[in-house]
Amino acid sequence: MFDPILEKLTEIARDAWLFLAGLLVMVALLGGLYFVLQGAAGAAFGGSRTTSIAILGGIGLVLLVLFAFLVIPQLGEVLKGLQPAPPF
Amino acid sequence: MTAAVDLLAGFLREAWTAIAGALLMLGLLALLAQVLRGAGSSLIGSRYGVASAAGSAVGIVFVLLFAFLGLPALVEAGLGTAVGGGMCGPLVGLGAAAGGLIAALAALRMLMGAARALSGALVSSESGAQALLEAGEALIGMLAAGMAGPVAGHFLGAC
């Protein structure tokens, strides 16, 4: 009885996942460009702290994107395996 | 009577499976949204935003684990207490059926509570507490409803 509803929900969730993943890629690319610009400006004007912050920010951004694209799908698989049968 | 109870229990079982699937999808989307929020906050230099997103992501994982591992154990424990305990005579079968249905409804309510907590985690970080509160309310309601049969049986002199 609930299968058609679940299928519709799955379609919507798949679309939402693609939208969020695309948005994350765009944010990460723009953020990476921003950090490169910040680092270059810091290096040009001798601001070692600014450059360090830009490098660390870029690394953090890469880590976040890797977490989103590598860890979350694996976590989903694990949780799918843990999905409980009705306990009643 | 038994057929009607089986029909209802089957319906509730299907609902459990569907809600658990929807909960998983919602949880993964919420995790991705929190990563996006963390990335955005890190770009504008908001430490609070990054910390809040990380805390919410941990809360989401906690709620999912609680829903998938903790809730079935809670329901089974409550089911053992609520079904048929203290019943006698003609009330035994009726009590067992009613207890099973009460437990099924409470289980679904707990799962819906977890789903509500997850959707709340998208905008705030109170997800874990909300899920625990909903589960506690449903469990106490299940036990209280399970006590009604034996009390009524003794009061009416059936036992």
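Reply: Start with one contact list. B:Leu111 touches B:Trp16, B:Ile19, B:Ala20, B:Leu23, B:Ala67 and B:Leu71, leaving out residues up to four places away in sequence. Keep in mind that this is a predicted model.

Me: What makes B:Leu111 one of the residues picked out in the largest nonpolar core?

Reply: The number of other members touched. The core has 57 residues, and B:Leu23, B:Ala107, B:Leu111, B:Ala114 and B:Leu118 touch the most other members. H1 and H2 of chain A give two or more residues each to this core, as do H1, H2, H3 and helix H4 (127-156) of chain B. The largest share, 17 residues, comes from H1(B).

Me: Why is A:Arg14 called exposed?

Reply: Count the C-beta neighbours inside 10 Å. A:Arg14 has 12. The cut-off for exposed is 12 or fewer. Therefore A:Arg14 counts as exposed. This residue sits in helix H1 of chain A. Its C-alpha atom is 25 Å from that of A:Pro86, 72 residues away along the chain.

Me: Why does A:Thr50 get the label "partly exposed"?

Reply: Use the count again. A:Thr50 has 17 other C-beta atoms within 10 Å. Exposed needs 12 or fewer, and buried needs 20 or more. The count of 17 lies in between, so A:Thr50 is partly exposed.

Me: Where is A:Thr50, and what is it in contact with?

Reply: A:Thr50 belongs to helix H2 of chain A. Setting aside neighbours within four places in sequence, A:Thr50 is in contact with A:Gln38, A:Ala41 and A:Gly42. A:Ile72 is 22 residues from A:Thr50 in sequence, and their C-alpha atoms are 31 Å apart.

Me: How do you know that the span of H2(A) agrees with its number of residues?

Reply: Helix H2 of chain A covers residues 48-82, which is 35 residues. At 1.5 Å a residue, they should span 51 Å. The end C-alpha atoms are 48 Å apart, so the two values agree.

Me: Where is the kink in H2(A) centred?

Reply: On A:Phe67, with a bend of about 35 degrees.

Me: Which residues of H2(A) are buried, and what do they pack against?

Reply: The buried ones are A:Ala54, A:Gly58, A:Leu61, A:Leu64, A:Val65, A:Ala68 and A:Ile72. They pack against helix H1 (3-44) of chain A together with helix H1 (2-43) of chain B.

Me: How does the span of H1(A) compare with the expected value?

Reply: H1(A) has 42 residues and reaches 60 Å from its first C-alpha to its last. That is close to the expected 62 Å. Its buried residues are A:Leu24, A:Val27, A:Ala28, A:Gly31, A:Phe35 and A:Gly39. Their cover includes H2 of chain A together with H1 of chain B. After H1(A) comes A:Gly46, with a positive phi near 75 degrees.

Me: Why is chain A called more spread out than a compact globule?

Reply: Chain A has two helices and zero strands. Its radius of gyration is 20 Å, while the globule rule gives 12 Å for 88 residues. The value is well over the rule, so chain A is more spread out than a compact globule. Its C-alpha atoms fill a box of roughly 65 × 25 × 15 Å along the principal axes. Buried residues make up 16% of chain A.

Me: How many helices and strands does chain B have?

Reply: Four helices and zero strands. Of the 159 residues in chain B, 42% are buried. Among contacts in chain B with a separation of 6 or more, 74% join residues 24 or more positions apart.

Conventions
Residues are numbered from 1 along each chain as its sequence is written. Chains are lettered from A and ligands numbered from 1 in the order in which they are written. This is a predicted model: local features need pLDDT of at least 70, side-chain atom pairs count only at pLDDT 80 or more; totals for chains, interfaces and linings use all residues. The expected span of a helix is 1.5 Å times one less than its number of residues. The bend at a residue is the angle between axes fitted to the seven residues ending there and the seven starting there. Two residues are in contact if their C-beta atoms, placed from the backbone, lie within 7 Å. A nonpolar core is a set of buried Ala, Val, Leu, Ile, Met, Phe, Trp, Tyr and Cys residues joined through C-beta atoms within 7 Å. The radius of gyration is taken over C-alpha atoms; the globule rule is 2.2 Å times the number of residues to the power 0.38.
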